[in-house]
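Work through these exercises with the sequence and the 3D view open. Try each task before you read its solution.

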Amino acid sequence: MALRIATWNINSIRLRRELVAKFLHFHAPDVLCVQETKVQDPDFPHAFFHKLGYRHIVARGMKAYNGVAIISRLPLKATLGERAGRDFCDRQDCRHISVKLPGGVELHNFYVPAGGDIPDPAANDKFAHKLRFVEEMTGWFADKAEHKGKKMVLVGDLNIAPLEHDVWSHRQLLNVVSHTPPETERMAALMETLGWVDSARHFVPADRKLYSWWSYRNRDWAASDRGRRLDHIWVTPNLKKSLAKSEILRAARAWDTPSDHVPVIVELA
DNA sequence: ATGGCTTACAAAGTAAGA
């Protein structure tokens with residue numbers, strides 16, 4: 001039996017719930033992880049997704065900013081207690097939520113801080129926060145006692161484009177937040193912890209351009225195609241042989257009133 | 001020319017995204 005997992009930075013779940021419905025209808029993931037829901041938990045549109053057959057929802061949101069949720073047609077088990085997620089950098093800013101899926105796969109949904117404009121932790125607190133956040137993720141996943149032997153999937157808007165061809169111009173973006181060496185080096189260290197497998201690059205060679213985000217500010221995003229791959233689905237090595245398919249839904253960037261991110265999907269056999 | 005746009009919010013201009 002196949003398991004389809006998707007991730008999508010939705011940039012307001014209330015504003016774009018019809019777009020999510022369209023995605024669920026045509027792409028039928030079993031589980032959808034969303035980021036930037038921008039809604040407090042009591043206001044999450046549970047009933048809307050229940051009617052679409054997605055009756056299992058865990059959400060962790062706050063007013064105006066951030067927020068993550070897992071929308072599923074399979075039963076979910078919370079693994080981290082009441083709040084369903086872990087706090088990073090001593091902030092309760094709703095950037096992580098995790099559940100266990102039927103069959104035992106543990107799923108982690110992250111919204112890593114964007115990091116602001118200036119790629120210097122001394123001059124920019126947001127960039128410092130981003131680096132610390134990834135370091136703390138690394139420390140946590142490096143704790144073998146907690147994670148040993150588990151089948152795990154890590155998804156989300158990680159806000160880092162790690163490889164040369166995960167951005168439209170490696171040379172021009174080396175000093176732009178999302179593709180700087182301090183970020184990509186930390187992401188590599190995070191991947192090392194459990195030997196995480198980058199599912200999109202498992203199917204697409206490293207020398208092919210691959211993006212999941214295009215700025216709103218571009219006049220014609222498709223023509224200029226100045227994208228970055230900021231959204232990821234990683235699996236632990238014990239799931240590598242189950243990887244059956246990967247898709248980045250570029251077409252969703254052209255949907256009416258789109259998010260600036262598009263859905264990323266993985267299928268596990 | 002990467003910021004030209006988009007979102008939320010004790011609503012007119014901020015803050016934030018990345």
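**Exercise 1. Is Cys89 buried or exposed, and which cysteine sulfur is nearest to its own?**

Step 1. Cys89 has a relative accessibility of 9%. Buried means under 20% relative accessible area, exposed over 50%, and partly exposed in between, with a 1.4 Å probe and protein chains only. Cys89 therefore counts as buried.

Step 2. Before going on, note the ground rules. This is a predicted model, where local features need pLDDT of at least 70, side-chain atom pairs count only at pLDDT 80 or more, and totals for chains, interfaces and linings use all residues. Residues are numbered from 1 along each chain as its sequence is written, chains are lettered from A and ligands numbered from 1 in the order in which they are written, and side-chain values use heavy atoms, without hydrogens and water.

Step 3. A search of the whole structure gives zero disulfides (a disulfide is a pair of cysteine sulfur atoms within 2.5 Å). For Cys89, the nearest cysteine sulfur belongs to Cys94, 14 Å away. Cys33 is in no disulfide either; its nearest cysteine sulfur, again that of Cys94, is 15 Å away. Cys33 is buried, at 0% relative accessible area.

**Exercise 2. Where is Ile265, and which residues does it touch?**

Step 1. Find strand 14, residues 264-268; Ile265 is in it. Strands (E, at least two residues) are DSSP runs, as are helices (H or I, at least four), and both are numbered from the N terminus.

Step 2. Check burial. Ile265 has 2% relative accessibility, so Ile265 counts as buried.

Step 3. List contacts (heavy atoms within 4.5 Å). Leaving out residues up to four places away in sequence, Ile265 touches residues including Ile5, Phe23, His27 and Ile233. His27 is 238 residues from Ile265 in sequence, but their C-alpha atoms are 8.9 Å apart.

**Exercise 3. Where does Asp225 lie, and what is its phi?**

Step 1. Asp225 is in the loop between helix 8 (221-224) and strand 11 (227-228).

Step 2. Its phi is near 55°, a positive value in a residue other than glycine.
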